[in-house]
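Hi everyone, and thanks for making time for this. I'd like to walk you through a structure that may be new to you, so please have a look at it first.

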Amino acid sequence: MSLQYPALIVVVPLLSALVISIAGWVNKRWCFPITVAGLAVTAYSSVGLLLRVLDEGVIVYKLGGWDPPMGIAYYVDHLNGLVLVVVSVVALLNAIASKKSIEQEFPEKIGPFYTLYVLMVTGLLGIVVTGDAFNLYVLLEIAALTGYGLIAMGGGRGPLSALNYLYMGTIGACFYLLGVGYLYIMTGSLNMVDIARILPDLYQSKAVMAAFIICMVGVWIKMAFFPLHAWLPNAYTHAPSASSSLIAPLVTKVMIYVMIRFILTIFTPEFSFNILAVSKPIVWLSVIAICMGAILALTERNLKKMLTYIIIAEVGYMVGGAWLGNRIGMTGAILHIANDALMTLCVFLAVGNIVYKVKGAEFENLQGLFRKMPFTMGAFVIGAMSMIGVPPTCGFFSKWYLISGAIQAGHYGFMVALLFSSLVNVVLFFRVFEICFYEPFSDHHGHDHHPEPMDEAPVTMLVPLFIVAAILVLVGLYTGDIVNHIIEFAIPKGLV
Amino acid sequence: MSDLIPTIVAKYNYWIYITLMMIGLYAIIAKNNLVKKIVGMNIFQTAIILFYVSIGAKKGATIPILEHGHGHHVVHAVDYVNPLPHVLMLTAIVVGVATLGVALALAIRVYNQYNTLEEDEILAQIREE
């Protein structure tokens, strides 16, 4: 069974999507258990796979027994082993946590929702596990198309935002496809390892450089790298809670993974950082992304939308860290993929709980929440601390690596941007805490003031939230092990 | 200038796909009507499909099925077309159709909600809310 883990990771959610869509017609109550069972098997397989990778090194899984480069092969190394675990665990926890909010927001669409949900997880896991550049495109579109559906499902402004996302997402995927086309013209191969073997003789070719840049632009559109971010805030804000807490932590992070895969595996760090000589401008772009994300977040009066702008700043962290061109920066970027996915999940789940009870995430709605929902707010504080970068939460450690990398590369602009964005995060989150801490203002001279009774979200929403909050601290405490045993092997030896 | 024209003529397939792509991109950015944007998006996708198909084309070559598979004839790779780009595009066409379907479905939802598909009118309605 353990030999089949790479296939199970994609096949189990794909088949459970089929089963869920049928079960949705028969009895809606079956959808949730099937979803959780499917995602649990997936999470189990991906953890098992990571453990196998730690033991044996790179695992090549030939689908259908066809040898690469003719057949499609799945390659699992330390880099995507880690990302697979993060994606599958986040998807599982969110599925459990969002059950009640789905039943509240669109009780008649439970079957379609879970079908799309599991299909999206299939797409995301497929992107991460595959070793074939064209296969990656198809899975990219699977993840994107289901994502549009999930965003539009909530009604309200959802469909319009999803449509705007669709235009941008399609352009991004098409750019990626075009870049792969150029790579195919030059190398005659679609298998990532095979391309990497053929490419070194062609590094001076203009077509190869064009291929790399076009692929990068496509991936940047998909990850909402400033200034290609315009689709993200509205799409994530107007999505129903259950969708946004799946899409917000995972989609941007998986695209960062694709970017790092291009830099490290398909091309070499030598090509990406030295021959191409664009790393400096890209790091400066990410400096702008971080600053603009922070400033735009300051102007928002809606908690969920504020968080979406923080995501844009976080994307800047990871792109900048990856393009610093040294080992520490790359370590920080990879570590931040895992950390950012978890802390984004934490704050979005907390927002989901708030929306479930208060029916809105505008700042006016948040007053008195510490008394009303103490447990949700407790977990939200841990998530916020991690986003600010307070030890021992995990956000501190990846930021530490990123800043060390910036200093080592002599890129002080990036360091200043990271510190600036941390400070802005302090302002942003303490403003939210302040609003939540004080009671609603009462007009009646304050005499007949009755504090609102506690009205906490259901236990099924709280327990996954607590688990995520605990993971944030645990990952922070075990950062050393993660870096030494996993990320250290994910980065090729050549990069110092 | 004398060099430029032969370069353009020799690589005309690239120029056609780039032109089509830019037409599509222009429609997505500049058009006000949501369905026109969707059409632009489809032109954009089709341009890339044409690009792939054109790089797989070869004059005077045939499909890669060996005509004398049992004999001892030498197989000349020159006589055969590489089928892979075309096969890849079957998948890309399917993806394109699916995207178009989702986009049109979303456009219907938007129309039912706002009773218009003009972007500026929709934005005006949102601002009024």
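**A walk through the helices**

Let's begin with helix α5 of chain A, which is mostly covered: 18 of its 20 residues are buried. Before I go on, please keep in mind that this is a predicted model. Helix α5 of chain A runs over residues 110–129. At 1.5 Å a residue it should span 28 Å, and its end C-alpha atoms are 28 Å apart, so the two agree.

Who is its partner? Helix α2 of chain A, residues 31–56, packs with α5(A) at an angle of about 10°, and their axes are 10 Å apart. The angle is under 35 degrees, so α2(A) counts as roughly parallel to α5(A). On the α2(A) side, the contact is made by residues including Cys31(A), Phe32(A) and Leu39(A), and on the α5(A) side by residues including Tyr114(A), Tyr117(A) and Val121(A). By class, this contact has nine nonpolar, four polar and no charged residues.

Now please turn to another pair. Helix α3 of chain A, residues 78–97, and helix α11 of chain A, residues 241–266, pack at about 170°, with their axes 10 Å apart. Here the angle is over 145 degrees, so α3(A) is roughly antiparallel to α11(A). From α3(A), Val83(A), Val87(A) and Val90(A) are among the residues in the contact, and they meet a set in α11(A) that includes Leu246(A), Pro249(A) and Tyr257(A). The classes in the contact of α3(A) with α11(A) are eleven nonpolar, three polar and no charged residues.

Hold on to Val87(A), please, as it comes up again in the core. The largest nonpolar core has 225 residues, and those with the most contacts inside it are Val87(A), Leu342(A) and Cys346(A). Which helix gives the largest share of this core? That is α15 of chain A, residues 327–358, with 20 residues. If you click on Cys346(A), you can look for what it touches beyond four places away in sequence: Ala379(A), Ile382(A), Gly383(A), Val468(A), Ala469(A) and Leu472(A).

Next, the place where the chains meet. Here 21 residues of chain A are in contact with 25 residues of chain B. On the chain A side, the elements that give two or more residues are α6, 133–152, and α7, 158–187. The most comes from α7(A), with 13 residues. By class, the chain A side has 16 nonpolar, three polar and two charged residues.

Let's stay with α7(A) for a moment. It has 30 residues and reaches 42 Å from its first C-alpha to its last, close to the 44 Å expected at 1.5 Å a residue. Of those 30 residues, 26 are buried, so α7(A) is largely enclosed by the rest of the structure. Just after α7(A) comes Gly188(A), with a positive phi of about 70°.

That brings me to some backbone details. As a reminder, most residues other than glycine have a negative phi, and most peptide bonds are trans. In the loop between α9 and α10 of chain A we find Ala224(A), whose phi is positive, near 65°. Is Ala224(A) buried or exposed? It counts as buried, because it has 28 C-beta neighbours inside 10 Å. That loop between α9 and α10 of chain A also holds Pro227(A), and a cis peptide bond joins Phe226(A) to Pro227(A), with omega about 5°.

Ala277(A) also has a positive phi, about 55°, and sits in the loop between α12 and α13 of chain A. With 9 C-beta neighbours inside 10 Å, Ala277(A) counts as exposed.

A cis peptide bond also runs from Pro391(A) to Pro392(A), where omega is near 5°. Pro392(A) lies in the loop between α17 and α18 of chain A.

Let me finish with Phe396(A), in helix α18 of chain A. What does Phe396(A) touch, leaving out residues up to four places away in sequence? The answer is Gly389(A), Val390(A), Pro391(A) and Gly476(A). Phe396(A) is partly exposed, with 18 other C-beta atoms within 10 Å. Phe396(A) and Asn339(A) are 57 residues apart in sequence and 9.5 Å apart in space, C-alpha to C-alpha.

Methods. Residues numbered from 1 in each chain as written. Chains lettered and ligands numbered in written order. Predicted model: local features only at pLDDT ≥ 70, side-chain atom pairs only at ≥ 80, totals over all residues. Contact = placed C-beta atoms within 7 Å. Helix = DSSP H or I, 4+ residues; strand = E, 2+ residues; numbered from the N terminus. Nonpolar A, V, L, I, M, F, W, Y, C, P; charged D, E, K, R; others polar. Buried ≥ 20, exposed ≤ 12 C-beta atoms within 10 Å, placed from the backbone. Expected span 1.5 Å × (residues − 1). Core = buried A, V, L, I, M, F, W, Y, C linked by C-beta atoms within 7 Å. Axes fitted to C-alpha atoms, helices over the stretch in contact; angles between N-to-C directions. Parallel < 35°, antiparallel > 145°, perpendicular 65-115°, else oblique.
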